[in-house]
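The questions below take a predicted model and ask what each description rests on.

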Amino acid sequence: MNEKMNAGIGRFRQKVLAFMRKNHMTDRGDGVLAAVSGGADSGCLLLLLCELAAELGIHVSAFHMNHGIRGAEADRDEEHVRRYCQREGIPLEVLKIDVREEAAKRKLGLEACGRAVRYEFFRRLAGENGVIATAHTLSDLAETVLLHLTRGTGLKGLCGIPPVRENIVRPLIDCS
């Protein structure tokens, strides 16, 4: 890596660290469960949390959910996350579920069911005092606000995705 790239990564790391501290995302001793899809954003989140773990005094583990919708592509994402976490010594929990079947049982749409199952499992894994970190970014925030506008919203909907809600934190929500 060249010097300019290293400097950029260092600034990004410091920006995320300052944002996490400003928003009181974690306390020393917290267990932080990172939601990892296998994509670039969640991979970045997991890498950053692991790099910042000693500085923040946190313990990082990962969670991956295979929704069973994208077939072999989803299986490749799961395997990628498994290999990465094993190589880096990051504790990992994986949930593989047929979301289509579960959505039919719950009488929900695929997306709503996937979200519900994911957050139920997050909460069970994190426990009462654990912190759940998702890789939502500034792009996700803008998309959410636009979606709320098209559906008609009040002031709450215009706020989009908060950096912290209950025990769920979004360290990358201020990053593009």
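Q: Which residue stands opposite S61 in β2?
A: S61 in β2 has L33 opposite.

Q: What makes β1 and β2 a pair, and in which sense do they run?
A: Two strands pair if there are at least two bridges between them. β1 and β2 have five bridges, in the parallel sense, so they count as a pair.

Q: Why is β1 called largely enclosed by the rest of the structure?
A: Buried means under 20% relative accessible area. Four of the five residues of β1 are buried, so the strand is largely enclosed.

Q: Why are α4 and α5 called roughly perpendicular to each other?
A: Angles of 65 to 115 degrees count as roughly perpendicular. The axes of α4 (residues 99-106) and α5 (residues 110-126) cross at roughly 95° and come within 9 Å, and the two helices are therefore roughly perpendicular. Among the residues that make the contact are V99 and R106 of α4, and L110 and V117 of α5. The residues of this contact divide into six nonpolar, one polar and four charged.

Q: Which residues of the largest nonpolar core touch the most other members?
A: They are V16, M20, L45, L46, L49 and I58, in a core of 30 residues. The largest share of this core comes from α2, with seven residues.

Q: What is I58 in contact with, leaving aside its neighbours within four places in sequence?
A: I58 is in contact with T26, D27, D30, V32, L49 and A53.

Q: Which residues does the second, separate core include?
A: This core of 16 residues includes L95, A103, V117 and Y119.

How values were computed
Residues are numbered from 1 along each chain as its sequence is written. This is a predicted model: local features need pLDDT of at least 70, side-chain atom pairs count only at pLDDT 80 or more; totals for chains, interfaces and linings use all residues. Side-chain values use heavy atoms; hydrogens and water are left out. Axes are lines fitted to C-alpha atoms, for helices over the stretch in contact, and angles run from 0 to 180 degrees between N-to-C directions. Angles under 35 degrees count as roughly parallel, over 145 as roughly antiparallel, 65 to 115 as roughly perpendicular and the rest as oblique. Contact means heavy atoms within 4.5 Å. Ala, Val, Leu, Ile, Met, Phe, Trp, Tyr, Cys and Pro count as nonpolar, Asp, Glu, Lys and Arg as charged, and the others, Gly among them, as polar. A nonpolar core is a set of buried Ala, Val, Leu, Ile, Met, Phe, Trp, Tyr and Cys residues joined through side-chain atoms within 4.5 Å. Buried means under 20% relative accessible area, exposed over 50%, partly exposed in between (1.4 Å probe, protein chains only).
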